[in-house]
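Please read these comments alongside the model.

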Amino acid sequence: VQLQASGGGLVQAGDSLRLACTASGRTISGYYMAWFRQAPGKDRTFVADISWGDSSTRYADSVKGRFTIYRDNARNSVYLQMNSLKPEDTAVYYCSVDSKTYGFGRNYDYWGQGTLVTVSS
């Protein structure tokens, strides 16, 4: 499976961005999908994920109430709507798919190339 992320850019604090990730080579309908991010000089960290069934979601505490993850299985895509952006949200954002069909979002083994989000103060 290949994952193509897009939508990053340079914005000011308080602005919004929507990231998109489109998968090819496999349908995503039976898989958890996630967004992670990696800030300069730091490890990659979890941002949000969404289940394959009822589209239940989980978020890192740092983005709760500001970011929304959603999916469109017909478009084989997952999105991350980011509102009220802060300078500390600056990072390369990666989408990922669970390698287990009907899994629990514990095996994020496939990664896209990342898209850079820069938030200026």
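1. Buried means under 20% relative accessible area, exposed means over 50%, and partly exposed lies in between, with a 1.4 Å probe and protein chains only. By that scale R37, at 11% relative accessibility, counts as buried.

2. The model is predicted, so local features need pLDDT of at least 70 and side-chain atom pairs count only at pLDDT 80 or more, while totals for chains, interfaces and linings use all residues. Residues are numbered from 1 along each chain as its sequence is written, and side-chain values use heavy atoms, with hydrogens and water left out.

3. How many salt bridges are there? With a salt bridge taken as a side-chain nitrogen of Lys or Arg within 4 Å of a carboxyl oxygen of Asp or Glu, the count is five.

4. One of them joins R37 to D89, with the closest N and O atoms 2.9 Å apart. This pair links distant parts of the chain, 52 residues apart: R37 is in strand β4 (residues 33–38), and D89 is in the loop between β8 (77–82) and β9 (91–98). Strands here are DSSP runs (E, at least two residues), numbered from the N terminus. D89 counts as buried, at 0% relative accessibility.

5. R37 and D89 also belong to a network of salt bridges that includes R66.

6. D61 and K64 form a salt bridge at 3.1 Å, N to O. D61 is exposed, at 65% relative accessibility.

7. In the salt bridge between R75 and D72, the closest N and O atoms are 3.3 Å apart. R75 is exposed at 58% relative accessibility, whereas D72 is partly exposed at 25%.

Key. Helix = DSSP H or I, 4+ residues; strand = E, 2+ residues; numbered from the N terminus.
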